[in-house]
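Open the model in your viewer and keep the selection tool ready. The tour below moves from one selection to the next.

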Amino acid sequence: MAETALKKRSPFIEFVSKATSSAGLTIIFTIIIAIVATVVAGPFTLLNAIVTGGMWALLAAGLSLVFGVMNLVNFAHGEFFMIGGLTAYYVFTPISAYLKENPSPFLTALAPFAGIIAATIVGALVGIVLEKLVFYQLRKRTKEQWVMNSFLLTVGISVIIINGVQIIWGTNYKGITSYWDAKPLEVLGVFISVDRIVVFGIAMVTMAIFWYFLQRTTTGRAIRAVSQDETGAQMVGIDLNRIQVLTLALSSALAAMAGASLLFMFPSYPTVGLKPLYIAWYVVILVGLGNVAGALVGGFIVALLQTLTGYFIGVTWDDVIPTAFVMLILLIRPSGLFGSEVKGVHEQ
Amino acid sequence: MSTILEVRELTKRFGGLVAVNDVSFKIEKGEIFGLIGPNGAGKTTLLNCIAGTHAPNDGVVSFLGKKMTGYNADVLCRAGMSRTFQISQPFPRLTAIENVMVATIFGNQRSNIFNPEQWANEMLEYVEFPMPPETLACNLNTVQLKRLDLARALASEPELLLLDELAAGLTEGELHELMQIIRKIRDNGVTVLIIEHIMRVIMGLCDRVMVLHYGRKIAEGTPQSVAKDPKVTEAYLGEETLAA
Amino acid sequence: MLKVSEIDAGYGFLQVLWGVSLEVHEGEFVALVGPNGAGKSTTLRTIAGLIEPMAGEISINGDPIGGMPANLVIKEKGISYISESLNLFSDMSVEENLLLGAYTIRDKAQQKESLAFVYDLFHRLAERKSQLAGTLSGGERKMLAIARGIMSNPDLLLVDEPSLGLAPNLTHDVFQALLKLRDQGVTILLVEQNVNTTLHITDRGYVIEKGQIIMEGASKKLLNNKHVQAAYLGI
Amino acid sequence: MTQNSSVKYTYEEQEPIERIKRLAKKFGISPVGLLSLVILLILPFIPPFNQEHLLRWLVGAALIAAQTIAFDFTTGYINVVNFGFAAFLGVGGYTSALLAVNFGISPWIGIFLGVIPSAVLGFLTGILTLRLRGIFAALMSWFVGLALLGLTRNLTELTRGPLGLNAPTFLETASNRPYFYIIVAMMMVTYLTLRWITNAHYGLAFRAIGQNIDAARASGINPTYYRVFNFTLQCAFAGWLGGFYAHYYGILTPALMATSHTVEVLAISYVGGRGSIWGGAFTAFPFVFLIEFLRSNLTELPGLHLILYGLLLILVMIFYPGGVAQVYDTIRDRITNRSPQNQSAAAD
């Protein structure tokens, strides 16, 4: 390609062109929709979308990262969500039962965190085991058609986890009504439960830490390096296996954390992961694969879309409309709204 | 002689980058036309615009007197324009002969071929393909793949053949062989457009040469006159390259 | 320092190298030349540990490294490899690329030192340190790749076709940079297709054809060799 | 080029036996295949397979076998996994069933009418996935499947949703034997048609597109036409087989269209060997018998058969990506002394 220099443009034109790019337009459009929704359907809709949106962003960020680094299209991502919820349930319920007998306000406030942290750790462990036991084995043998083949492996894993959990723990719902028994707080004239506020906080703090980790630390930089050029990463001395294990662990930990945090909204049962899975996919498709920062915006867009569909058309339709929307986006912009070409996408 | 390909004021941009900038030229039937320029000059992009892989932002490509801009590569192939790729593009899981058969069956629709297999075999012989025709394409090396690409391009019986750096990485002997083959192709009535780095190939083969630099045409003419053009020497032909 | 003896290597079914042997001594600037597809790059990739040799041995200062993964070769043996496609991290800034070059050095002060050394050597990179690597020009990208390669303070630098895709004047700059590094005491094994220039600047050379070393000797001598003149110099 | 025109215009007459052999090859009929078919046809009269419940398994196996043939037609050739495959099955089934219920149209006609909407939707999906490559096309078809599933669930007035739609059966009889012959006939029609197409020049075009779309274009192939054609045909067959499902089991629920059903077909098809057409069908019989055996004997472990699907899929993908078809090819090559390296491998 010719090395013709880009023409210098004035900052104003730069700003306008950025704002009218499809990414900018989407954000503006989303904000407008959000405002309209708030006016028409009440602020509750908006707050609801914001809370779930944060968690969808966590899920999508993990999914996106794994794709960027390992070129792995993970169909089993929702299962980590389920495992997270399950772990949190089995850690939190006994503790909370014990605390009912021996009240302690301090521990009661902390108990949910024990559940969420345990879930995060278990999620990470499952990720590590899967990488070592499955993906590493395939990578060692053949790299040909990796994207498709590894995707099918995750399909197999998903089926095994879902049915394994069903055999061991049965199909009944394991859920809680709330983590904290506090009085709902009033925000914008709407009562909103403490759970939702804390969960939103967790999502935002985690995203911030995650972002900092990727941008500013040596290991985070190494992860990004692998996602941009595997051979280059090897050439500077990065241990690919280590980074791959770390990435899958990180991604599944994030998904498990989301599952644990949302336990009061999504009780854990074997196939609970399916919906978060395709929601995470919608987000990722919307903003393009491998785009971690965009996942945040995408999370809110999808959550808003779902809440609005639920409010205006009917709760049972909240898959169909976002599906149609995402299909439309894929059709118009095959690499997502914010997406640039990502490595591996065009592997055949 | 009649014009087989005419490119008028062709421009191709990628984002803010102008890869090909307002280029016009004509290729006459039966000639070997060279396209040279430093790497990144936009040669392959120009070729892609002609062959229908990219749609140009501006300008017209006429092939055999008909306006062909905006048509896809497969239409152009069937109309009689085939190409090879800078980086060979085989069908890795098909055998060499099946690779050529694909182009025979789907690219060659202007004449009826009753036995595509035999035809494909002849094409492989024609380009002096060094391996058994039953070899899977994924087991061939770069040089063999280039030959396969050439055979596949010829299988559709093109009027115009676009060759993108076919000689890269060949030894002296292979280079000589290849030049013989290209001459043979031309003598069979096929017009050839060739992108090449190795000056000796250009000097030895081409009737006319065009030089691109930063997406613009800076010279056109016989190889000798172009080599003497001070603009060209300055932009591209550093003293060492001239020697080689 | 580097001793490669009788290695066979290749990709899958395809064997590219047939009993290749070569040696590089401390402080030397050695060339490996030959046509494309002869196995030059494969040789370098095998030494760097990106390909596992099928047979033969590679050793550095007497320790065998054959079959070691690339990241360990770089970490423990002090080798840096600069590939022909550069393998830069194009969505990261120049400085981030350089810092990743020093990935194996965990000491922050030493990283800073390397960075200063590199910026001193390539002023252009210092000017563009916050620019994304993907937006650099061809010549600057080569510089960055070389700079990233020396960030880890290697004893031996393997350079694959630095002239590839560069206009002659830029190629000249890159070769000058390599000469400067040689003067700093870095041992270099250079793979090139541009035989003429390469043999003019290196101390010693190997000629590889069809996966086998067919000739070796002082670069000046090779330049006067009949076969080399006929096959590569067009004289 | 004008050299040697003899090739173009010669057409040699062949011996009658040669011509029959050629014809057989065209439709993919081999002695081993014929033998298997004969065995299959007399199987319902050989004990223990003449028992009704085993006959039911046989019908189920043949239905799956036919589906894997259609599935592999797309996956193994143009290299796009139709992850919404089951939904197209459902479209055909529901159409036929609704026509029978509401308009009294005979199932014998209905299953052919059910092909129409499936084929049309397949045509549209083909166009939707056209600009997308590999994994994105798979995701897109998955979304189409999800949307169709969502519609079927929600249009309760038409489909009765999860309650299930009762469809009249083909025959009055309670015996499964006639159904077995119907489905084997349908399977053979599917096999012969698709095998004939893939053995003709179309197959070469499909494989070319699947392996390298740019080179395919440069060789004069119009990828749009062949991809859409392939998708349409696959979905048409899926719809047709869906019709059989409806009028054999007599009840249709949206579960038929769920992703897990696609995974089932996909797993068997992969274990059978990609790009072979027959591999999946051949594998389906022992596989379905094993699964049904487990299911009827281990009722306390409800999802065990699905775990098996997952496990087998993973093991085959990692350790033997060529599947059963490659085993067969290897054995045949040993016998006929052909060097296996020159074979175009069945899978990659």
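Does A:Trp169 count as buried, partly exposed or exposed? Select A:Trp169 in this predicted model: its relative accessibility is 35%, so A:Trp169 counts as partly exposed.

Over all chains, there are 45 aromatic pairs. One of them joins A:Trp169 to A:Tyr90; the pair is tilted, with 6.2 Å centre to centre and 40° between the planes. A:Tyr90 sits in helix 4 (residues 77-101) of chain A and A:Trp169 in helix 6 (residues 146-169) of chain A, so the pair ties together parts 79 residues apart in sequence. A:Tyr90, at 39% relative accessibility, also counts as partly exposed.

Next, select D:Phe83 and D:Trp142. They form an edge-to-face aromatic pair, 6.2 Å centre to centre and with 80° between the planes. D:Phe83 is in the loop between helix 4 and helix 5 of chain D, while D:Trp142 is in helix 8 (residues 134-154) of chain D. Both residues are buried.

Last, select residues 52-75 and 177-199 of chain D, which are helix 4 and helix 10. Their axes are 9 Å apart and at an angle of about 15°. Angles under 35 degrees count as roughly parallel, and helix 4 and helix 10 of chain D are therefore roughly parallel to each other. Their crossing is left-handed.

Conventions: Residues are numbered from 1 along each chain as its sequence is written. Chains are lettered from A and ligands numbered from 1 in the order in which they are written. This is a predicted model: local features need pLDDT of at least 70, side-chain atom pairs count only at pLDDT 80 or more; totals for chains, interfaces and linings use all residues. Side-chain values use heavy atoms; hydrogens and water are left out. Axes are lines fitted to C-alpha atoms, for helices over the stretch in contact, and angles run from 0 to 180 degrees between N-to-C directions. Helices (H or I, at least four residues) and strands (E, at least two) are DSSP runs, numbered from the N terminus. Angles under 35 degrees count as roughly parallel, over 145 as roughly antiparallel, 65 to 115 as roughly perpendicular and the rest as oblique. A crossing is left-handed if the near helix is turned anticlockwise from the far one by less than a right angle, and right-handed if clockwise. Rings of Phe, Tyr and Trp (its six-membered ring) pair if their centres lie within 6.5 Å; planes under 30 degrees apart count as stacked, over 60 as edge-to-face and the rest as tilted. Buried means under 20% relative accessible area, exposed over 50%, partly exposed in between (1.4 Å probe, protein chains only).
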